Amino acid sequence: MARVHKPSRQASRHHNRLLAASVAALALGGTALVEIPVSAAARPKGHDVSSHQKNVNWSRAKSKGAKFVYVKATESTTYRNPHFRQQYNGSRNAGMIRGAYHFALPNQSSGKTQAAYFVRNGGGWRADGWTLPPALDIEYNPYNKKKKCYGLSDSKMVGWIKSFSNEVKRLTGRRPAIYTTTHWWKTCTGNSAAFGQNHALWLARYNSAGAGELPAGWKFWTIWQYDNGSGSLPGDQNLFNGSMGRLKQFTRG
C-alpha cells in the first residue's frame with residue numbers, strides 16, 4: 001500500500017513502501033504494471049491512497065475512470081493520515097465510492113485496540129451505497145525485516161486478526177475486508193482458512209497474468225491490487241471483481 005509519514009518507528013509510507021518495497025516485490029513475484037491487465041479491463045477501476053498522495057485532484061481521478069478508492073486512515077494507534085478528510089470526503093464529493101483502511105502493526109497493541117482507534121478516526125461504515133467496508137491492511141513488517149511477521153506465531157496472528165475483525169464488526173456492523181498477499185498469508189498465518197467465508201479479500205499481486213493463487217479459505221478475490229504506484233490513478237491501482245451494480249451491492253453489505 002502507499003505510505004508516508006515521518007516515522008517514529010510507527011510511521012512510514014504505506015502504499016509506496018519504503019522498507020517494504022523489496023520484501024513485497026519478492027513476495028509477490030511480479031513487477032508493477034502500467035496499464036490494466038487486458039483480461040480484467042471491463043471491471044470497475046479503483047485505487048488506494050495515503051498521505052503520500054497528499055491532496056488529490058478527485059475530479060481528475062474520476063475523469064480517468066476511477067470508480068472507487070480506499071483511503072488510509074490510521075496505522076497502529078499513533079498515526080492518523082493528515083490528508084484523510086480531503087481524500088475521503090473529496091472522493092465522495094466527486095461522485096466516487098470510498099472506504100477507509102488501517103495499516104496493522106500487530107506487535108504494538110491488540111487487534112481490538114487498533115480496531116477501536118481505526119473506527120474512531122475514520123474507519124466507520126454505513127449502508128449508504130457509497131461506503132466500502134472498513135479494511136485491514138496486513139502485510140510484512142516494514143520496520144523490522146528480522147521480524148517480518150511482527151514476532152507473532154501463526155496462531156497468535158490469526159487471533160490478532162480475529163480480535164480486530166470482531167471489534168470492527170461490533171462498532172460498525174460490518175466485517176472488515178482484508179488486504180494481504182498470498183505469500184504473507186501463508187508465512188504469517190499458516191495459511192489459515194478462518195476468514196474466507198465472511199471477509200472480503202483485497203489481494204495484492206503485481207502480475208499481468210492475473211491475481212494468482214488465493215489464500216486458504218477464499219474462493220475468489222473481491223478487489224485485486226495489480227499495480228503499486230505506476231498506473232494512471234493516484235496511488236495503487238485496483239480492480240473490483242464484478243460489475244458496477246455488484247460494487248454498489250458490496251457497499252451495502
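The link of Cys149 and Cys188 is left-handed, with -70° about the S-S bond. The model is predicted: local features need pLDDT of at least 70, side-chain atom pairs count only at pLDDT 80 or more, and totals for chains, interfaces and linings use all residues. Residues are numbered from 1 along each chain as its sequence is written, and side-chain values use heavy atoms, without hydrogens and water.

A disulfide is a covalent bond between the sulfur atoms of two cysteines. The cut-off used here is a pair of cysteine sulfur atoms within 2.5 Å. A search of the whole structure gives 1 disulfide. In the bond of Cys149 to Cys188, the S to S distance is 1.9 Å. Cys149 sits in the loop between strand 7 (135–137) and helix 5, and Cys188 in helix 6, so the pair ties together parts 39 residues apart in sequence. Helices (H or I, at least four residues) and strands (E, at least two) are DSSP runs, numbered from the N terminus. Cys149 counts as buried because its relative accessibility is 11%. Cys188 also counts as buried, at 0%. Buried means under 20% relative accessible area, exposed over 50%, and partly exposed in between (1.4 Å probe, protein chains only).

Helix 5 (residues 154–172) packs against helix 6 (residues 182–189) at about 115°, with the axes 7 Å apart. Helix 5 makes the contact (heavy atoms within 4.5 Å) through Asp154, Met157, Val158 and Ile161. Helix 6 contributes Trp184, Trp185, Thr187, Cys188 and Thr189. Axes are lines fitted to C-alpha atoms, for helices over the stretch in contact, and angles run from 0 to 180 degrees between N-to-C directions.
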